[in-house]
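Q: I have a model open and want to go through it piece by piece. Can you take my questions as they come?

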Amino acid sequence: MIILETAGLSRTVDNKILVTDISVKVERGEVVSIVGPSGAGKSSFLRLLNRLDEPTAGTVYLDGLDYKTIPPTQLRRQVGMVLQAPYLFPGTVSENLRFGPKQHGQVLEDSRLHRLLEQVGLPGYADREVTRLSGGEAQRVSLARTLANSPEVLLLDEPTSALDRHAEAEVESLLREIIATEQLTCLIITHNPAQALRFSNRSMRLEAGKLVKFGPVEEVVHV
Ligand SMILES: Nc1ncnc2c1ncn2[C@@H]1O[C@H](COP(=O)(O)OP(=O)(O)OP(=O)(O)O)[C@@H](O)[C@H]1O
Ligand SMILES: [Mg+2]
């Protein structure tokens, strides 16, 4: 079943083409990697998928529904994103995790909060100040924060590339475990061909804003 479909998705800013005419279909529960040279438009493409940026042409269908009919705040919970650098505000881990649900008038129950922290391998971290966390721990809190919204689709923009090698391996295995157990649909940008092979079955290659290849990961990335 197709959960996410882009139809002629494009974005041009001041005559500069960032993304042009990308049409792909992603199955529910599938992990797709996105590869290509720096400046190819990978991040720009991902940002269109949850409307952090607005397409200048084309659209996205989520469960067959044109995403322009979904209120952006709801869309961003359904399509969660984790970036290269952890996105947290000063305060405790629990304050960061509770912030999202609170904005929607919901309360993140203690039991759910502790389960999320366990899931990302940080049991007992609820009252820790985020400024005191290591890079890997902070990235895991970012992930927990995104998971707190129970997203249907998870967008990952080079989620391990800012970490040292040890933390990178830890966060990667954690991500893969969570994606597998939650059967999440996931799009992951990576510069690391071996990582693309470990995460995904299919891969899309972008060059100069265009989709130049989309197919089995072994045919798209070369280690
Ligand atoms: N708001 C913007 N206005 C104009 N140009 C932009 C804007 N955002 C990005 N760009 C340009 O669009 C191109 C694609 O950028 P993007 O960040 O999507 O590339 P990327 O494939 O993610 O690269 P990297 O691998 O380095 O992260 C780049 O040339 C970038 O400078
Ligand atoms: Mg990028």
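Predicted model: local features only at pLDDT ≥ 70, side-chain atom pairs only at ≥ 80, totals over all residues.

Q: Which residue in β4 is the bridge partner of Glu5?

A: Tyr61 is the bridge partner of Glu5 in β4.

Q: What sheet do these strands belong to, and in what order do the strands come?

A: An open sheet of 4 strands, ordered β2-β1-β4-β5, with antiparallel pairing. At its edges are β2 and β5 (65–66), each of which pairs on one side only.

Q: How many helices and strands does the chain have?

A: There are 8 helices and 10 strands in the chain.

Q: Switching to the ligand. Which residues surround ligand 1?

A: The shell consists of Val13, Lys16, Leu18, Gly36, Ser38, Gly39, Ala40, Gly41, Lys42, Ser43 and Ser44.

Q: Which element gives the most?

A: That is α1, with 3 residues in the shell around ligand 1.

Q: And how does the shell around ligand 1 split by class?

A: It has 6 polar, 3 nonpolar and 2 charged residues.

Q: What is Ile34 in contact with, leaving aside its neighbours within four places in sequence?

A: With that exclusion, Ile34 is in contact with Lys42, Phe45, Leu187, Ile188, Ile189, Met204 and Leu206. Lys42 is also one of the residues surrounding ligand 1, and Leu187 and Ile188 are among the core residues with the most contacts.

Q: Back out to the whole chain. What share of the residues is buried?

A: Buried residues are 39% of the 223 in the chain.

Q: What about contacts between residues 24 or more positions apart?

A: Such pairs account for 69% of the chain's contacts with a separation of 6 or more.

Q: Last one: what are the spans of the C-alpha trace, and what is the radius of gyration?

A: Along the principal axes, the C-alpha trace spans about 45 × 40 × 35 Å. The radius of gyration is 17 Å, which agrees with a compact globule because one with 223 residues would have a value near 17 Å.

Key
Residues numbered from 1 in each chain as written. Chains lettered and ligands numbered in written order. Core = buried A, V, L, I, M, F, W, Y, C linked by C-beta atoms within 7 Å. Buried ≥ 20, exposed ≤ 12 C-beta atoms within 10 Å, placed from the backbone. Contact = placed C-beta atoms within 7 Å. Helix = DSSP H or I, 4+ residues; strand = E, 2+ residues; numbered from the N terminus. Rg over C-alpha atoms; globule rule 2.2 N^0.38 Å. Near = placed C-beta within 6 Å. Nonpolar A, V, L, I, M, F, W, Y, C, P; charged D, E, K, R; others polar. Pairing = 2+ DSSP bridges.
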